[in-house]
Number of protein chains: 2
Amino acid sequence: MHLLAIGGSDGGISAALRARELDDAVEVTVMLDDEFPNFSICGIPYLVSGEVADWRQLAHRRREAIEALGISLLTSTTARSIDVAAHRVRATDAHGVERVIAYDRLVIATGATPVRPPIDGLDGLGAADGVHLVHTMGDAFEVLATLEQRRPERAVIVGAGYIGLEMAEALTRRGLAVSLVEALPQVLATLDPELADPVTTSLVGHGVDVRTATTVTEVARDGDGLVVRARARLDDGAATPVEIRAGIVLVVTGVTPDTELARAAGATTGARGAIRVDQGMATGLPDVFAAGDCVVTHHVLLGETYLPLGTTAHKQGRVAGENALGGDRRFAGSLGTQVVRVFDAVAARTGVRDREAREAGFDPRTVGASGDDHKAYYPGATTVDVRLTGDDASGRLLGVQLVGSVASAVHKRVDTAATAVLAGLTVDRVSDLDLAYTPPLGSPWDVLQVAAQRWLADGRARPARDVAG
Amino acid sequence: MHLLAIGGSDGGISAALRARELDDAVEVTVMLDDEFPNFSICGIPYLVSGEVADWRQLAHRRREAIEALGISLLTSTTARSIDVAAHRVRATDAHGVERVIAYDRLVIATGATPVRPPIDGLDGLGAADGVHLVHTMGDAFEVLATLEQRRPERAVIVGAGYIGLEMAEALTRRGLAVSLVEALPQVLATLDPELADPVTTSLVGHGVDVRTATTVTEVARDGDGLVVRARARLDDGAATPVEIRAGIVLVVTGVTPDTELARAAGATTGARGAIRVDQGMATGLPDVFAAGDCVVTHHVLLGETYLPLGTTAHKQGRVAGENALGGDRRFAGSLGTQVVRVFDAVAARTGVRDREAREAGFDPRTVGASGDDHKAYYPGATTVDVRLTGDDASGRLLGVQLVGSVASAVHKRVDTAATAVLAGLTVDRVSDLDLAYTPPLGSPWDVLQVAAQRWLADGRARPARDVAG
């Protein structure tokens, strides 16, 4: 039995590790098109910031450790086509030499590629000009080269999602003046505006020039440097042109699934064009599984969607590896649980927000609550802001968003909510949770429970709903 | 309608607040035998340490805030007897004047009193001698008086449970040399020995003289100071006498429910002699409810037990207040979730440990796992040690214990486990949880999930169980 995984990041490696864990006898190969198997690309911002001194540290496991488990690595090898009937993959290695690899079971984990937004001039510029899309280790090295060789004083980051915010912090830490440009009216559009505000405050407090409601229209060379042109929407609806000069421009506006190989082999696609798999990670093609950022995401509350996250890729890969060996594991589903640290602020979410819930057929209501992370009498208490969404029809907890300081442990508070949502608990039940308390580290009622109690009280206070409405 | 609560701490105040929240018209009175309604007695160690500068800060709510809600406070008023048939409580005020208070619904929340262990000389010594049992605000003032007036250089703390550890830290912070004496073979006997060890290491690292397996037999005056005599058990089973001189001795060996008033009125008692209530907090006496450290604890996994905790008292009080007004709320049950910070170490647990589970009829198995609190490549990672107990018969998660640094957010990690146990999740399902990850604050697989995966793998690896055994 030979299991071949195409892709050396979370999905492919997790599949390989799981197969090896379950069966010592199976032959396991991971093919990847660069030299960086099992690297933590989520760590790139911390390499760029200098907090991680050596890129080798970003390996979840060293190459030797993977090989010591009996997993063969075919690096710098690009899969070109899959012959599903013959159970063969045609690939080319670093020297352009074609290789044909036979498999019994295949796991496609080709990941995603960065979106190239429609910005004039972007296609003609690249790393040599100081314009970067940031996704792979190779991209990270190019960013570092620009920083070290061109020594830019100013940066423009296009896109204020998770990666944009992390890169804004990273470049600020390196001493650059950073402009963060976002077409939407707020940073972190995955959070309600009420909770994005404290994140913006943290960014601005650390010197980042935050420009929301500003759509980049052009990037161009400007002498030795670059110029970014954009259109800022004013409160009155009018637009005003913006021009920002910079020595480096990062474009981080999301990713799109890399499905070319799978589609050519006959795989069907679903949400956002990602490879369609069932919850067992089967593609429908005989003996072909897929996992990670290239596949659709089964969401606990939303059904099929596309929500590429490292944690999800790990879980999907593990399922794919188990089922490729004949197992019957199902991916339990994503809640889109995410967390980002931006300087001293942490923002997190799990489950769905009000609008997402409504679109999915729920009857949602959302409340906000704020509370101290621990008893105010003990020094150092900071505020945690929560927004909680529940379903009025069933009482079920649908989602929670939180913002607070690093010390307030927002990054673990969200896990309590994620557990409650996955378990299908009602909002009422959240108030019943027996959570831990000691004055320097908590409150007798956690702020999540305060939010739950407010949601319940508001529900009782509401006039009866107009059924016809 | 007049609701009377006897007891001004978590149980009584929570009942009063809940009643007020539900019905503006109900008359609500809280009777308490000191001048400190709604004080956070969990905060006493931080008052003693000096981290909380003013004792008034320990009030969860100021007296005026409670009264502004329309709750009457009868302070320094001690309930003497309850006439259940007549719905009347006889009490005496600070001047010894008898008062009779009529009620429609009564909530007994008399709390607990410190255990006085069988130590020769203890009964003849008190605060004036520098010997203290620490439970009430009054006790705290006496400890502070001893510290300020006698300026002791050495302290002996008898009992290495939660309060003993917190007081050891508090007195160390004040500059005292502290001996912590515990009859059991480990500190924090509520944790498995493997996890108590790092707590001991933290104590010893901060200069605390930790003496486990040492039973205090006598406390005596010794010139201006005190001497504590004890018997230390050696590894070979022999015992050796120990004598420690100190200027202050704290005896913190647990509490026992204060039930005299309720028993005299006809209430029945259950586990550890606590007042028996149903999950609605009804005592069985007409219109008499009870809550907090004076009542039995309904445990999610163990049924009726006695596990006095502030968080539980808040929840029970809230249920009692709601049901006293005719509601039909049930206390969802305790998991004994607890956390303690000892210098820079944090220890937490939820649910049951192996032996407790076995005694309760489960088929438990426990595994240990350790992991970094966040990706090791990002600076500052520390180790979190976990022990996870699951039920082999059902696969259900029964309990989790954790130890780590303050920065590792052990205090919120335990909440994830508490939520999973309350929701009845299997260990397998823990591995499926969609938890948050960002490199500076987590790992793609949380250490709790690593422990769950190990538990499952070990279970599969085990030989089939001998059914006859």
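This is a predicted model: local features need pLDDT of at least 70, side-chain atom pairs count only at pLDDT 80 or more; totals for chains, interfaces and linings use all residues.
Residues are numbered from 1 along each chain as its sequence is written, and chains are lettered from A and ligands numbered from 1 in the order in which they are written.

**Where the chains meet**

In chain A, 53 residues are in contact with 53 residues of chain B; contact here is C-beta atoms, placed from the backbone, within 7 Å. Helix H8 (310-324), strand S21 (338-342), strand S22 (345-351) and helix H10 (410-422) of chain A each supply at least two residues of the side that touches chain B. H10(A) gives the largest share, ten residues. By type, that side of chain A has 29 nonpolar, 15 polar and nine charged residues. Ala, Val, Leu, Ile, Met, Phe, Trp, Tyr, Cys and Pro count as nonpolar, Asp, Glu, Lys and Arg as charged, and the others, Gly among them, as polar. Helices (H or I, at least four residues) and strands (E, at least two) are DSSP runs, numbered from the N terminus.

Look next at H10(A) and H10(B): their axes come within 8 Å and cross at roughly 5°, which makes H10(A) roughly parallel to H10(B). Axes are lines fitted to C-alpha atoms, for helices over the stretch in contact, and angles run from 0 to 180 degrees between N-to-C directions. Angles under 35 degrees count as roughly parallel, over 145 as roughly antiparallel, 65 to 115 as roughly perpendicular and the rest as oblique. The residues making this contact include Lys412(A), Asp415(A), Lys412(B) and Asp415(B), and the contact divides into two nonpolar, four polar and six charged residues.

**Inside chain B**

Helix H1 (residues 10-22) and helix H8 (residues 310-324) of chain B pack at about 40°, with axes 7 Å apart, and are therefore oblique to each other. Their contact comprises nine nonpolar, eight polar and four charged residues.

An open sheet of five strands runs in the order S3-S2-S1-S7-S18 (chain B), with parallel pairing. Strand S3 (71-74) and strand S18 (288-290) of chain B have a single partner strand each, so one side of each is left without a neighbour in the sheet. The twist averages 20° from one strand to the next. H1(B) packs on this sheet, touching S1, S2, S3 and strand S7 (105-108) of chain B, and its direction makes about 170° with that of S2(B).

**Strand pairs**

Strands pair if DSSP finds at least two bridges between them.

| Strands | Direction | Bridges |
|---|---|---|
| S4(A) and S5(A) (residues 88-92) | antiparallel | five bridges |
| S13(B) (residues 214-222) and S14(B) (residues 225-233) | antiparallel | eight bridges |
| S1(B) (residues 2-6) and S2(B) (residues 27-31) | parallel | five bridges |

In S5(A), Arg90(A) is the bridge partner of Ser81(A). S13(B) and S14(B) form a hairpin with two residues between them, and Gly223(B) in the turn has a positive phi of about 65°. In S2(B), Thr29(B) is the bridge partner of Leu4(B).

Terms used. Two residues are in contact if their C-beta atoms, placed from the backbone, lie within 7 Å.
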